[in-house]
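Please look over the sequence and the model shown below. The paragraphs after it go from the whole chain to single residues.

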Amino acid sequence: MDSTRPDPVEYDVVVIGAGPTGENVADRVRAAGLSAAVVESELVGGECSYWACMPSKALLRPAITRADARKVPGVRQAVGGPLDAEAVLAHRDAFTSHWNDDGQVAWLDSTGARFYRGRGRLHGPREVVVESPEGEHHVLTARHAVAVCTGSRAVLPDLPGLGGARAWTSREATSARAVPGRLAVVGGGVVGVEMATAWQALGSRVTLLVRGGGLLPRMEPFVGEHIADALTAAGADVRLNTDVTAVVRDGGTGPVTLVLADGDRVEADEVLFATGRAPRTDDIGLDTVGLTPGSWLDVDDTLRVDGSDWLYAVGHVNHRALLTHQGKYQARIAGAAIVARAQGVPLLETDRWGAHSATADTAGAPQVVFTDPEAASVGLSLAEAEAAGHRVRAVDHDIASVAGAALYADGYRGHARLVVDLDRDILLGATFVGPAVSELLHSATIAVVGEVPVDRLWHAVPSYPTISEIWLRLLEVYRGYQG
């Protein structure tokens, strides 16, 4: 036995990772009376609080507000000038607490969980070794569960010259201290289009380079078309079906040049690669429990790792739904399942919508893309529903046709789609694109998750004159009313 090895400290649950997911796992098990330890090597609050959700939306809110105001008579004349970039960046800094986690640590302490700052690694079943920044070691053992909540990280492609080019990932894009004169964005997913929107509005000349034939390819095709049109109208150079083959930045300073497959070159002051994410599981000791370091962790609907009776993987690391709100939802489900098993509940509620089943990850996960215009979706797209074998019908309508949209903005442009299961007469999915459509999403989420029959939705009367009247128009189309 290693005489220098500290004696283990035992908890009911040990959580590795103190982002929103890990915080919620700890909070749930503590509320039920279990003891918990939480380990975090960076900032408590995780990616969402400091480099993703909060700073990106703080950057985007002024851009979207100005865009909306410019579509309203009597207001557009008052907002004709540029954004105050210094004020926007200061606003962003405030929402990240200036990258200080004292407040989040205080909240975690208030739950009664024990916080360990340092790098946590599995060391065999139910054991986690923590190395603090000062080099101290702690050995934690879990009576009931270890929850891996370490999230994901941005992945850079293997391109010649990229290693020394000081390229931005999502972290640099949301925390940059100044507005680049020219910004190249590689990737047409959520991070790519949101950051193109934000920095274009702040004064950058943005070139958006997308390998595929459209933006936001996981959403309905019309969504990417609307957003590409809006970015182009705002001054961005949007290039689809474009491959970057190399990056040149001599000495890692000065302008950066992107070499394209067609021989063209794009020069910028900074380049953001938003081309995918990988799980933060490469250095957490997965090999000590028979799993592959760096891999996504497969789980059942209670978020327990396949083949284990004690290890849970919650949030991004299980690759079910890479969204903060879904990670927190999973944390609520996993916390309830851990508590139930610890209390010896003989049969968990693992039916489709039971208390211990994270069904919404696949059947009802909502997502908002905070571009101008906004995009919002929940459940299955038409293509996904058809691929899953459902007999479905897509119901489409122009959002601009309702009075609330006309009042919201001159020249309102938007589109809505419902995906209806024809055998059960319920909604499998809904998608909206247009200004302010994010506020339509929760009603759609309730309809999808609640499996509300279309005949009952007919009696859910939208207020006039609001954009939500699009629900009535969609149902009229479905029921055959064309007037």
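Predicted model: local features only at pLDDT ≥ 70, side-chain atom pairs only at ≥ 80, totals over all residues.

Residues are numbered from 1 along each chain as its sequence is written, and side-chain values use heavy atoms, with hydrogens and water left out.

The protein chain contains 15 helices and 21 strands; these are DSSP runs numbered from the N terminus, with helices (H or I) of at least four residues and strands (E) of at least two. Its radius of gyration is 24 Å, close to the 23 Å that the globule rule gives for 483 residues, so the chain is as compact as a globular protein of that length. The radius is taken over C-alpha atoms, and the rule is 2.2 Å times the number of residues to the power 0.38. Along the principal axes, the C-alpha atoms fill a box of roughly 75 × 65 × 40 Å.

Of the 483 residues, 53% count as buried. Buried means under 20% relative accessible area, exposed means over 50%, and partly exposed lies in between (1.4 Å probe, protein chains only). Among contacts (heavy atoms within 4.5 Å) with a separation of 6 or more, 63% join residues 24 or more positions apart. The accessible surface comes to about 21100 Å², and 51% of it belongs to carbon and sulfur atoms. These areas come from the Shrake-Rupley method with a 1.4 Å probe; for residues, only the protein chains shown count as cover.

Helix H15 covers residues 470-479; seven of its ten residues are buried, so the helix is largely enclosed by the rest of the structure. The buried residues are Ile-470, Trp-471, Leu-474, Leu-475, Glu-476, Val-477 and Tyr-478. The loop between H14 and H15 holds Pro-465, which is joined to Tyr-464 by a cis peptide bond with omega of about 0°.

Another cis peptide bond links Asp-372 and Pro-373, with omega about 10°. Pro-373 is in the loop between strand S17 (366-369) and strand S18 (374-379).

Arg-126 has phi near 65° and sits in the loop between strand S4 (119-122) and strand S5 (127-131). With a relative accessible area of 26%, Arg-126 is partly exposed. Leu-216 has a positive phi of about 45° and belongs to the loop between strand S9 (205-209) and helix H8 (221-233). Leu-216 is buried, its relative accessible area being 4%.

Is Arg-171 buried or exposed? Arg-171 counts as buried, at 17% relative accessibility, and lies in helix H6 (residues 170-175). Its side chain makes a polar contact with the side chain of Glu-42, at 2.9 Å. A polar contact is a pair of N or O atoms within 3.5 Å; within protein, one must be able to donate a hydrogen and the other to accept it, and residues adjacent in sequence count only if both atoms are side-chain atoms. Apart from neighbours within four places in sequence, Arg-171 is in contact with Glu-42, Glu-47, Trp-51 and Arg-280.
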